[in-house]
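Here is a short briefing for a first look. Start with the view below, then read the points by topic.

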Amino acid sequence: MKNDIFNAIEMSDTIAVGGHVRPDGDCAGACLAVYQYIRKVYPDKKVYVYSDKIPEVFSYIKGYEAAKPDEITEPVDLFISLDCSSVDRHCDQGKCFNSAKHTVNIDHHISNNGFAQINLVEPKASSTCEVVFGLFDESVIDSDIATALYTGIVHDTGVFTYSNTSRKTMETAGFLLEKDIDTDKIIDESFYEKTYKQNLILGRCILESRLILDGKVIVSVATEELMKEYDVTAQDLEGIVNQLRLTKGVKAAVFVYQLKENEYKVSLRANGSTDVSKVAVSFGGGGHVKAAGCTLYGDLCGQMEKLISRIGVIL
Ligand SMILES: [Mn+2]
């Protein structure tokens, strides 16, 4: 598998790396780590980061400014998909991926069905960055590449607290720590730190949350109107669902925010043995057993009723 991936890279002159829409820490970290690695090992190749704008909070990662999807005007030789559970979750619904001559899919989402020519999907890995680390020649990993990979692991494990954190995760993180990375910056500034208005809307969403299904599920919704009131974007809502999940007695947490009229993004988190990825998949989404997401279309009340009854089935 590793050889197949590197053969594909060696055969290609133009390579795009890209992940899912609204890139998170793991997606950004994996894309920028692979970008840096290929540039370092194969300096003659043209590498693009094909992604939505990476949140500014990750601007300390080398290559951050390289995410310019408009730069690609013709099909690339190779597209490496990272942290993306299905083709249509790419920032252009997969157009650039589908037009590439060769394709690689590196991921850790259990719902990933292996949509590329070469697929490396490890559902037990904490993060795509952990999978990517396994591919890299350790001697090439410098402080900049380590910073990108550590960011992804920190974000997808909630700073090593989620159940996806394994011995391998810790050993990988241990290796990266020795590369002289700024862990305070990565953990505090990119993961925990919130702006004042992010804290305000977090508080408001918790204040307006409801316990349902005998207190086993907690739900909160941020409408477009509420987001406007606090002058926040979807990215500012990161972490709210994790806080909801920490409610005593709750088996699943549901956080919904409005993307536009009749379109809502749903984030799901689970405690114990609850598997919320089943719910997400049945609504066309994906993710992991304990963290998944999907999009609802149409009337919110009607869609929420369906979603909640589906959650009732898996509890
Ligand atoms: Mn991930």
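At what angle do helix 5 and helix 7 pack, and how far apart are their axes? The angle is about 45°, and the axes are 10 Å apart. This is a predicted model, in which local features need pLDDT of at least 70, side-chain atom pairs count only at pLDDT 80 or more, and totals for chains, interfaces and linings use all residues. Residues are numbered from 1 along each chain as its sequence is written, and side-chain values use heavy atoms, without hydrogens and water.

**Helix 5 and helix 7**
- Helix 5 spans residues 143–156 and helix 7 spans residues 183–192. Helices are DSSP runs (H or I, at least four residues), and strands are E runs of at least two, numbered from the N terminus.
- Axes are lines fitted to C-alpha atoms, for helices over the stretch in contact, and angles run from 0 to 180 degrees between N-to-C directions.

**Helix 2 and helix 5**
- Helix 2 (residues 25–41) packs against helix 5 at about 160°, with the axes 7 Å apart.
- That makes helix 2 roughly antiparallel to helix 5 (angles under 35 degrees count as roughly parallel, over 145 as roughly antiparallel, 65 to 115 as roughly perpendicular, the rest as oblique).

**Manganese site**
- Asp26 (OD), Asp83 (OD), His108 (NE2) and Asp156 (OD) coordinate the manganese ion at 2.1 to 2.3 Å. Donors are N, O and S atoms within 2.8 Å of the metal (3.2 Å for Na, K and Ca); water is not among the atoms, so sites may look incomplete.
- The donors follow the spacing D-x56-D-x24-H-x47-D along the chain.
- Histidine 108 lies in the loop between strand 4 (102–107) and strand 5 (118–121) and aspartate 156 in helix 5, so the pair ties together parts 48 residues apart in sequence.
- Histidine 108 and aspartate 156 are both buried (under 20% relative accessible area; exposed is over 50%, partly exposed in between, with a 1.4 Å probe and protein chains only).
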